[in-house]
Structures are given as C-alpha cells and as structure tokens.
Amino acid sequence: MKKYFAIFAVALLALVGCEKNNDEPKPGDMSALDGQWHLIEWNGEAPEKFDVYVKYKGGKFDIYEQTHSLYYVHSEGTYKISGDIATGVYSTGENWACGYKFSVSGDTLTLYSQEDISITSVYEKCVIPQSVIDEATTTRASEVKPIL
C-alpha cells in the first residue's frame, strides 16, 4: 500500500490529446515540473489498477487519482524543488511520503522515489480531462489517503 503513496502524482482511464513541448526545463527551476501529466508507467509496467493525473504550476500541485476507490479523488498542496529533487506538502499539512528525484525529457516526466523501496513512475504531458476534474471535485472522500 505504501507504493501507492509514492506515486507522484497523480494518472489513466480517459483518452487525452497530448501537447508537444520541446523546451527542456532545468532542475532547480520551479517551472521544471509545470504542466499536466498522466501516469503511463509504474516500475516498468503500465498501471492497470489505478489512474493518476497531476498538475504542477508555480509551486502548487493538484492530483486527481483513482487508486483506493471507484472514483477520482482530488488532493492539492505546494511543492519545492532543490536541485533535481521535488518535495511537497498537502493542503492538510501532511508531507509527501518522500522526496522525488525527477527528470523531464520533452513530453516525459520521470520520478524516482527517494525512500527505502525505490519506485520509478513515468508521466506523459497531456491535458487532464474535464470529466476527471469534475468527478474528483464532486466525490472527494476524506478517508482516501493521498498518493504522494
């Protein structure tokens, strides 16, 4: 179950059109993670039992995840970047499970958890479907633990 907390944000069931981005952000730059991302790979495999979308913008994040329920759940908070490590805090005051080393190459974001059990998650840049956002805002379950 701890591995679900290590997924970074938080994304898979809806089909989306992806935007192309040829700008290579530099680690340490707060805009390095900016964008909307969809989880496409979890430890070398496509996630089959969960779906995560995450949006990063100027030190704030929104995660839309379908991990512990039939519905998408929304979590939000703030993040910081130091070098190539991202750390964050949910709006509830709870820290992310760990820090994440990251790299961005074109439209691909790769996160490496910085904990005892290493987890690698790969995201593709795309637009979060409005249906996911709408579902998450109307079905927020307080007993669901955030994915990061």
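**Exercise 1. Confidence**

In which element of the chain is confidence lowest, and in which is it highest?

*Solution.* This is a predicted model: local features need pLDDT of at least 70, side-chain atom pairs count only at pLDDT 80 or more, and totals for chains, interfaces and linings use all residues. Residues are numbered from 1 along each chain as its sequence is written, and side-chain values use heavy atoms, with hydrogens and water left out.

Step 1. pLDDT is the predictor's confidence in each residue, from 0 to 100.

Step 2. Take the elements. Helix α1 (residues 2–6) has the lowest confidence, with a mean of 37. Strand β1 has the highest, at 97.

Step 3. Look around the helix. The pLDDT is below 50 over residues 1–25. Beyond near neighbours in sequence, this stretch has 105 contacts (heavy atoms within 4.5 Å) in the model. Where pLDDT is low, the predicted coordinates should not be read in detail.

Step 4. Take the whole chain. The average pLDDT is 79, and 72% of the residues score at least 70.

**Exercise 2. Layout**

State how many helices and strands the chain has, and give their order.

*Solution.* 

Step 1. Apply the rule. Helices (H or I, at least four residues) and strands (E, at least two) are DSSP runs, numbered from the N terminus.

Step 2. Count. There are two helices and eight strands.

Step 3. Read along the sequence. The pattern is α-β-β-β-β-β-β-β-β-α.

**Exercise 3. Core**

Find the residues that touch the most other members of the largest nonpolar core.

*Solution.* 

Step 1. Define buried: under 20% relative accessible area, with exposed over 50% and partly exposed in between (1.4 Å probe, protein chains only). Buried residues make up 47% of the 148 residues in the chain.

Step 2. Define the core. A nonpolar core is a set of buried Ala, Val, Leu, Ile, Met, Phe, Trp, Tyr and Cys residues joined through side-chain atoms within 4.5 Å.

Step 3. Name the residues. The largest core has 24 residues, and Leu33, Tyr56, Trp96, Phe102, Leu109 and Tyr123 touch the most other members.

Step 4. Check for another. A second, separate core has six residues, among them Tyr53, Tyr72, Ile128 and Ala136.

**Exercise 4. Aromatic pairs**

Explain why the pair of Trp42 and Phe50 is edge-to-face.

*Solution.* 

Step 1. Set the cut-offs. Rings of Phe, Tyr and Trp (its six-membered ring) pair if their centres lie within 6.5 Å; planes under 30 degrees apart count as stacked, over 60 as edge-to-face and the rest as tilted. The whole structure holds six aromatic pairs.

Step 2. Apply them. The ring centres of Trp42 and Phe50 are 5.6 Å apart and the planes stand at 85°, so the pair is edge-to-face.

Step 3. Check burial. Trp42 is buried at 8% relative accessible area, and Phe50 is buried at 7%.

Step 4. Phe61 lies in strand β3 and Trp96 in the loop between β5 and β6, 35 residues apart. Both are buried. Together with Tyr90 and Tyr100, Phe61 and Trp96 form one aromatic cluster.

**Exercise 5. Cysteines**

*Solution.* 

Step 1. Check burial. Cys98 is buried at 10% relative accessibility, and Cys126 is buried at 2%.
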